[in-house]
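Subject: A structure to look through

Hello,

Please find below the structure that we spoke about, followed by some notes on what was found in it.

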Amino acid sequence: MNLTIDEGAARVAARRAHVPPRVLVVLLVYMVIAALILGYVMSRSPKRTATAVLLGLVTLAYLLILDIDRPTSGGIREPQTPMRDLLATMQKSPPASYGTVVTGP
């Protein structure tokens, strides 16, 4: 039972841990600088499609980081299947001490 409580606490802690805002700002600055450099270098090149694809991929990577950072509200969600399976197992065959009422010392 202690292992179950420890695992539950670890899951809650993992859900509360987020990428620090400073890291997200640095990534955003990186993305903007990369876009400016690519735009400058490729402005006279006929390969603008490749530039657009590369910028799209960088943007998708940033959005993916933001989505993974918020496991309860993003498009990618952490499944609760292990906890539901554990609950179902406990309900099917509970220990004998679960239904007993302790009265007095």
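In which helix is L54 found? L54 is found in helix α3, where helices (H or I, at least four residues) and strands (E, at least two) are DSSP runs, numbered from the N terminus.

Before going further, please note that this is a predicted model, in which local features need pLDDT of at least 70 and side-chain atom pairs count only at pLDDT 80 or more, while totals for chains, interfaces and linings use all residues. Residues are numbered from 1 along each chain as its sequence is written, and side-chain values use heavy atoms, with hydrogens and water left out.

The protein chain as a whole has four helices and zero strands, and its elements run α-α-α-α from the N terminus on. Of its 105 residues, 11% are buried; here buried means under 20% relative accessible area, exposed means over 50%, and partly exposed lies in between (1.4 Å probe, protein chains only). The chain exposes about 8500 Å², and carbon and sulfur atoms supply 69% of that area, with areas coming from the Shrake-Rupley method with a 1.4 Å probe, and with only the protein chains shown counting as cover for residues. Among contacts with a separation of 6 or more, 64% are between residues 24 or more positions apart, a contact being heavy atoms within 4.5 Å.

Helix α3 covers residues 48–69, and its 22 residues should span 32 Å at 1.5 Å a residue, which agrees with the 32 Å between its end C-alpha atoms; the expected span is 1.5 Å times one less than the number of residues. The buried residues of α3 are T51, Y62, D67 and D69. Seen down the axis of α3, these buried residues fall within an arc of 165 degrees, so they line one face of the helix, the arc being that of the directions from the helix axis to the C-beta atoms. On the other side of α3, T49, L57, L60 and I68 are exposed, whereas L54 is partly exposed, with a relative accessible area of 39%.

What do the buried residues of α3 pack against? They pack against α2, and, in turn, what covers the buried residues of α2 includes α3. The C-alpha atoms of L54 and A34, which are 20 residues apart along the chain, are separated by 9.8 Å.

In α2, the buried residues include L24, M31 and M42. These cover an arc of only 45 degrees around the axis, which puts them on the same side of α2. On the other side of α2, the exposed residues include R22, V26, Y30 and L36. V29 also lies in α2 (residues 21–42), and V29 counts as partly exposed because its relative accessibility is 44%.
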